[in-house]
Amino acid sequence: MSEEKKEIAKDMEGEAKTRRDFLQDMGAAALLGAAALMTGSDEAQAKTTWAEWFQKNYRLMTDEEKKEATLRLEERYSEEYGKKVAVDGSPAIKGVLFGMALNIQKCRGCRRCVYACVKENNQSRSDPQIHWIRVIEMEKGKFLTESMDKGYPNSTGESYGIQVGGNAYNLAGVTLEGQHYYEAETVPRKDAFYFPIQCQQCEKPPCVKVCPVRATYRDPDGIVVIDYNWCIGCRMCMAACPYWARRFNWGDPNLPKEEMNPKTHYLGNRPRMRGMVEKCTFCVQRTREGRYPACVEVCPAGVRKFGNLLDPESEIRKILERKRVFRLKADLNTYPKFFYFID
Amino acid sequence: MFLNRMINIISIITSVLIIVAVMYGCGDTKSVSKKEAEAAAPVTDCFESREGYTTVQRVENVVPEYGYPNVKCSQSTTGVLWWGDPFYGTAPMGDMPVIDDETRGDYAVAEAVVKPREPKLMYFNMETTKHCAFCHDGKIVPFPKNKKPRLLAAHQDIVANSLQLMHGRAAFWCLDCHNATNRNRLIDHRGNEISFNQPQKLCGKCHGEVYIDWRLGIHGKRIGSWTKTGKKRWWVCTECHNPHTVQMLRYNPIKPEPAPVLPKGTKSDEHEITKGKEIPLAGH
Amino acid sequence: MSILRFTIDFVKYALTGGIRYYVWLGVLGILIVPWVYGTYQQFIIGGLIVAGFTDQISWAIYEGNFIFLVGVAAAAVTVVFPYYVYKYKPLKDVVLVGEMLAITAVTMVILFILFHMGRPDRLWHMIPVIGIFNWPYAILTWDVLVLNGYLFLNFACGFYNMHQMYTGRPVNEKIYKTLVYIAIIWAPSIHIVTAFLINTMPARPIWFHSIMPIKFLATAFAAGPALITFTLLTIRKYTDLKIQDEAVNFLSQIMVWCLGIALVLTFSEVVTELYPSTEHANQLKYALFGMHGLTKMVPWLWGAWIIMVGSFILLLIPGIRKNYKILPVICIVMFVGVWIEKGMALVIPGMIPSPIGELSEYSPTWIEILNTLGNWAIGAAIFTFLVKGAIGVMLGEVRHPNFDNRNASQGSH
């Protein structure tokens with residue numbers, strides 16, 4: 001451990017300690033104060049809610065506190081959803097930096113990744129409907145003689161100014177002009193290609209920078225995570241994200257019991273509460289145990305690839321080596337760990 | 001003294017905030033039970049990548065620890081959306097030729113399994129008096145004398161016109177891949193018999209570059225573990241591509257899953273389609 | 001215990017008035033009743049889903065008001081600065097009004113922030129030591145610091161000054177002047193930091209402009225003095241406090257020049273964006289002309305600009321500027337114009353189209369509108385109380401029984 005790191009660790013320890021002492025005093029007083037008002041509500045649930053409300057940022061918890069927090073959640077979720085729920089808290093694997101690549105050439109726009117993600121990650125199904133992945137249909141476009149006057153400036157009866165005709169208004173490949181709500185009998189549609197977007201797991205994430213309470217942070221394996229219990233719902237991150245990757249629980253999430261996925265991670269797909277932000281975590285509950293993310297597995301065309309960027313033999317590194325790759329909005333210097341490629 | 005007072009003040013504020021917090025907490029559970037959606041019966045007949053070909057039945061509770069079924073499928077398209085057990089109903093992929101350069105795959109270190117195709121083949125699995133080898137035993141249907149293409153009366157459900165096989169642009173036809181004397185196996189150009197479970201060994205003979213990409217895991221699809229040594233289920237060529245029509249459609253079109261709901265405040269997606277013009281743009 | 005006594009006397013005076021005063025408070029009260037319902041709906045029952053927010057438009061009216069009100073708060077400096085630095089005497093009685101306005105505006109800012117937050121119960125996560133305060137990385141933490149600091153400074157300056165006037169004792173010049181000068185420097189900082197809060201996001205091209213801080217200041221120093229001028233003219237009409245014409249004229253001059261600067265800056269921004277007309281101009285284009293047939297924002301932005309240009313032209317004419325019958329009307333209209341321009345018409349187009357090109361539109365819900373109106377009513381009530389009390393102190397009607405007459409004549413500024 002370098003000197004600097006040691007110091008940070010010491011700081012964090014110190015911070016944790018003061019807070020613990022403080023909370024012991026404060027907790028007792030507050031509990032007494034509020035207890036009187038709590039009669040009538042379910043005692044066990046109230047206790048859990050309090051304990052959750054008082055717990056600190058996940059990153060600053062000691063191992064013991066982490067265990068306590070996950071156990072508490074397991075108990076509450078199991079009761080709430082009527083099945084045995086596991087809440088994992090495993091940290092990043094050493095020597096792993098996750099990356100995903102998506103073959104933009106082969107995406108068919110079937111949206112299965114969107115719903116696989118919902119099934120895996122316990123998003124609110126409706127009111128609000130939360131999807132972490134958005135698939136955009138882009139125009140391939142056609143240049144037609146008939147549409148020579150359809151462009152800008154509109155040439156019928158107007159002077160061209162400095163431009164001499166040739167206006168074939170066409171959105172072929174124009175980003176930001178795609179269709180988000182396309183419906184079709186079958187995909188891919190004839191004149192379209194498709195562009196799925198989700199959290200790009202940036203190396204320099206603008207969302208993390210702006211969080212006033214460090215509820216969102218980047219773990220060493222490159223996954224930008226959110227401590228759902230620490231988020232204050234200020235939505236700075238939502239405004240700052242250039243990829244529109246973050247979603248908000250505007251109301252109480254609506255997750256039917258029978259659809260709830262009981263294998264969860266504290267920083268990943270555990271059921272969320274109202275008033276906080278969530279987003280793609282590369283299925284942290286799966287990937288930290290070695291399994292592919294749900295969207296990678298579901299893609300019927302196999303356009304999504306996932307692996308360890310530090311391993312030269314991994315499929316993701318082979319793609320970087322063999323294919324033409326680009327990152328979305330590279331001009332923003334966010335250095336995503338999500339790559340788009342073509343064969 | 002000061003600190004004590006501070007703590008007292010903060011405690012009072014905290015108590016008030018807790019009450020709000022608890023109300024939020026109570027709100028959570030209340031609305032879950034209130035809003036609980038009526039569960040439609042789960043879809044049991046599903047397909048993976050190729051509709052009508054890679055069919056799979058939903059089996060409940062194959063992972064008892066979490067109560068997972070083998071697959072969860074889409075209500076609207078019956079496409080498989082999620083694998084509870086990525087290896088359910090799979091068999092070892094079998095040996096693959098060793099390539100000893102930088103393009104070798106990770107067969108050497110990782111367990112590779114596939115969904116065996118043979119149990120699903122229609123003629124292959126008929127009783128012995130009817131299955132492929134019963135007709136194609138050289139007696140009922142004589143073995144063809146040569147591989148010269150000709151119009152076939154049989155199997156028109158698979159290939160309508162055997163002289164216009166939609167694969168290879170007339171460079172080859174049925175018997176370049178199907179074994180003339182043993183219809184239960186495929187055959188390569190050197191006469192090696194190949195199992196229907198391992199079509200990649202055959203396809204890779206011509207499609208070398210794609211084959212290498214596939215072995216590297218960057219073409220096609222694998223599920224299971226992303227780790228170098230982890231077990232993976234590999235999708236073989238024919239699970240995504242129909243070799244009999246691939247020239248027409250590299251990949252069969254499928255029905256997409258439903259569009260997300262429109263954000264409230266936005267009444268329709270008309271503006272996306274027409275881009276604000278009265279006449280929709282070409283192609284839409 | 002002169003502080004306790006001062007507080008009681010101040011509140012007593014602030015709560016007593018003529019019929020017109022109670023009618024005004026009654027109107028505000030009527031606006032606050034639905035606010036109670038809306039607040040209950042949002043904070044206890046439904047959460048933010050009762051408002052018109054979507055993942056696409058995650059900031060809207062609440063945030064627009066927050067940004068606008070920071071400007072109003074900062075505008076107190078337009079009276080404090082000339083009085084203390086240039087020793088411009090006609091502003092003597094106006095300084096306190098400015099400070100009361102700053103206190104009110106910051107309180108309203110905090111109120112709107114609470115309405116903006118998804119989890120106000122977790123606000124304690126920001127408290128250093130027990131929580132995590134992501135300073136200096138998150139600009140929001142800077143904003144929290146400057147806003148609370150500004151609230152403290154104005155509260156300290158204003159009430160210390162009034163307390164001394166109340167008892168008749170002179171102010172401690174060293175402490176008081178120090179605080180005042182800090183407050184003067186501090187005032188623009190709150191608005192500059194608020195501009196940095198949103199203009200440091202390349203994800204939102206309409207905000208991503210280096211002229212944002214200066215434009216914020218310019219519009220703030222137009223809208224703020226407009227409100228102060230309106231208040232002064234009202235005070236002059238309904239109370240015994242004599243506000244000098246020079247004070248009003250001085251403020252209306254600040255107003256007109258700042259408005260002019262704001263218009264130039266707006267014009268520069270429009271030219272810079274629309275001439276090359278890159279993809280980054282889409283949000284401005286949406287606000288200005290609508291996009292693909294979605295035009296909800298268009299009348300608001302054009303309306304605001306027409307108001308601002310109109311007010312500027314009218315205020316340039318001395319005859320109108322000095323006509324105290326017309327001036328308050330222009331002040332209020334211009335205030336509303338700026339409110340639209342840097343509130344809704346700035347925040348909402350920042351969300352449309354979304355960073356990945358999705359066009360959607362925003363409609364506020366009734367609860368959201370009622371809450372916004374209620375917050376303004378609460379702000380108006382606070383401002384009324386504070387100014388009423390301050391007038392009492394300035395008139396000498398709120399006075400300690402053992403008032404020290406020796407300093408009475410010279411006042412304590």
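**Close-up views of a predicted model**

**Figure 1. Contact between chain C and chain A in the predicted model.** The contact takes 37 residues from chain C and 43 residues from chain A. On the side of chain C that touches chain A, helix H6 (residues 139–167) of chain C supplies the largest share, three residues. By class, this side of chain C comprises 20 nonpolar, eleven polar and six charged residues.

Figure 2. Nine helices and twelve strands make up the secondary structure of chain A. Of its 343 residues, 51% count as buried. Among the contacts in chain A between residues at least 6 apart in sequence, 65% join residues at least 24 apart. The average pLDDT of chain A is 87, and 83% of the residues score at least 70. Two segments of chain A may be viewed with this score in mind.

**Figure 3. The largest nonpolar core.** This core has 244 residues, and those with the most contacts inside it are C:Ala73, C:Val109 and C:Ala222. Helix H5 (residues 94–116) of chain C contributes the largest share of the core, 16 residues. Chain B also takes part: at least three residues of the core are drawn from each of domain 1 (42–85) and domain 2 (90–250) of chain B.

**Figure 4. Surroundings of C:Ala222.** C:Ala222 is among the residues with the most contacts inside the largest nonpolar core.

**Figure 5. Helix H10 of chain C and its cover.** Helix H10 (residues 282–289) of chain C has the buried residues C:Asn282, C:Gln283, C:Leu284, C:Tyr286 and C:Ala287. The elements that cover these buried residues include helix H9 (245–274), helix H11 (298–316) and helix H13 (327–347) of chain C. After H10(C) comes C:Gly290, which has a positive phi, near 80°.

**Figure 6. The two domains of chain B.** Chain B is divided into domain 1 (42–85) and domain 2 (90–250). Taken over C-alpha atoms, the centres of domain 1 and domain 2 of chain B are separated by 24 Å. Five residues of domain 1 of chain B are in contact with five residues of domain 2 of chain B. On the side of domain 1 of chain B that touches domain 2 of chain B, the residues divide into one nonpolar, two polar and two charged.

**Figure 7. An open sheet of four strands in chain B.** The strands follow the order S5-S6-S10-S9 (chain B), and their pairing is mixed. Strand S5 (91–92) and strand S9 (222–224) of chain B are the edge strands, each pairing on one side only. In general, strands of a sheet pair through backbone hydrogen bonds, either parallel or antiparallel. S5(B) and strand S6 (residues 112–114) of chain B pair in the antiparallel sense, over two bridges. Opposite B:Pro92 stands B:Val113 in S6(B).

Methods. Residues are numbered from 1 along each chain as its sequence is written. Chains are lettered from A and ligands numbered from 1 in the order in which they are written. This is a predicted model: local features need pLDDT of at least 70, side-chain atom pairs count only at pLDDT 80 or more; totals for chains, interfaces and linings use all residues. A nonpolar core is a set of buried Ala, Val, Leu, Ile, Met, Phe, Trp, Tyr and Cys residues joined through C-beta atoms within 7 Å. A residue is buried if 20 or more other C-beta atoms lie within 10 Å of its own, exposed if 12 or fewer, and partly exposed in between; C-beta atoms are placed from the backbone. Domain bounds come from an automatic or database domain assignment. Two residues are in contact if their C-beta atoms, placed from the backbone, lie within 7 Å. pLDDT is the predictor's confidence in each residue, from 0 to 100. Ala, Val, Leu, Ile, Met, Phe, Trp, Tyr, Cys and Pro count as nonpolar, Asp, Glu, Lys and Arg as charged, and the others, Gly among them, as polar. Two strands pair if DSSP finds at least two bridges between them. Lists of a residue's contacts leave out its neighbours within four places in sequence.
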